[in-house]
Amino acid sequence: MNINYYRCDYDIRSKYCDSFTETAHAHEGVEIIYLLEGSYHTFINGEEYTATAGDLFVIFPDNVHYHKNSSNIKAVLNIFPTRMVPEFHGVFTKKTVKSPLIKDANLQSVELLENLAKNKDKYSYETKRGLLLAAVSMILERMTFSDKKEPINENLGAILKYCDENYKENITIESVAKKLMLSNSCVSHIFTNKLQMNFRDYINSLRLKYTLQLLKEDKLTITEIAYESGFSTIRTFNRAFKKKFGISPLQYKKKKL
């Protein structure tokens with residue numbers, strides 16, 4: 001499994017969608033999805049939810065999620081940093097929600113979300129913040145919360161960010177734990193239980209994603225690409241690449257050029 005981690009701009013990202021990515025990902029902001037037409041499945045922190053027209057998802061920061069069978073839908077997507085609604089920062093960072101899915105969402109909040117999607121380029125930041133604040137307030141009233149028992153999502157976000165910024169280096173569970181002042185077992189637990197993947201496989205997935213970019217640019221040799229991406233040996237690179245894509249880096253390069 002490849003997991004992408006996204007940072008949020010200062011502003012809100014708001015738009016209509018007819019499909020969603022099936023790649024597992026997490027982001028430091030809040031994601032609100034309102035489904036206008038169709039149905040699809042969303043997996044959040046390993047739990048499966050089914051949305052139909054009229055339903056709304058609120059995905060909290062640093063929650064790993066992905067979507068399935070989301071073609072032929074129509075939805076309103078809003079992603080924003082918690083700093084845009086500081087009034088609810090504590091809810092989004094210190095609470096856990098009983099269910100991220102709201103059936104038959106409040107129509108007033110939906111109208112506000114659609115207003116943002118239609119007019120985001122016309123409104124000032126202050127106007128967008130006001131509309132978002134009103135929508136979020138009504139949406140959160142429909143949800144049930146409890147205090148976080150452990151900061152696992154906060155740690156997960158920090159770990160993914162650190163890996164995203166340092167995968168080209170000689171990165172290990174021990175080095176991540178030391179840098180983030182976590183225990184080795186905490187980091188290991190998050191990868192094994194939360195992400196359900198091996199730490200080394202995750203780091204290699206980030207490296208391999210970068211190698212594709214370098215291969216397409218065709219400025220470096222295969223050996224140079226291997227070391228530039230963080231692989232310690234050309235043999236390790238070739239083995240990981242073939243396991244992931246079914247062909248060698250050289251075959252891939254010839255195929256794309």
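**Entry 1: two helices**

I looked up helix α5 (residues 173–180) and helix α6 (residues 184–194), which pack at an angle of about 115° with their axes 8 Å apart. Helices here are DSSP runs of H or I with at least four residues, and strands are E runs of at least two. Axes are lines fitted to C-alpha atoms over the stretch in contact, and angles run from 0 to 180 degrees between N-to-C directions.

I then listed who meets whom: Ile-173, Glu-174, Val-176 and Ala-177 in α5 meet Asn-184, Val-187 and Ser-188 in α6. Contact means heavy atoms within 4.5 Å. By class, this contact of α5 with α6 has four nonpolar, two polar and one charged residues.

**Entry 2: ground rules**

I noted that this is a predicted model, where local features need pLDDT of at least 70 and side-chain atom pairs count only at pLDDT 80 or more, while totals for chains, interfaces and linings use all residues. Residues are numbered from 1 along each chain as its sequence is written, and side-chain values use heavy atoms, leaving out hydrogens and water.

**Entry 3: Phe-80**

I found Phe-80 in strand β9 (residues 74–80). Phe-80 counts as buried because its relative accessibility is 0%, and the cut-off for buried is under 20% relative accessible area, with a 1.4 Å probe and protein chains only. Leaving out residues up to four places away in sequence, I saw that Phe-80 touches several others, including Cys-8, Phe-92 and Leu-132.

**Entry 4: α7**

I checked helix α7 (residues 199–217), which has 19 residues. Just after α7, Asp-218 takes a positive phi of about 55°.

Key:
Ala, Val, Leu, Ile, Met, Phe, Trp, Tyr, Cys and Pro count as nonpolar, Asp, Glu, Lys and Arg as charged, and the others, Gly among them, as polar. Buried means under 20% relative accessible area, exposed over 50%, partly exposed in between (1.4 Å probe, protein chains only). The expected span of a helix is 1.5 Å times one less than its number of residues.
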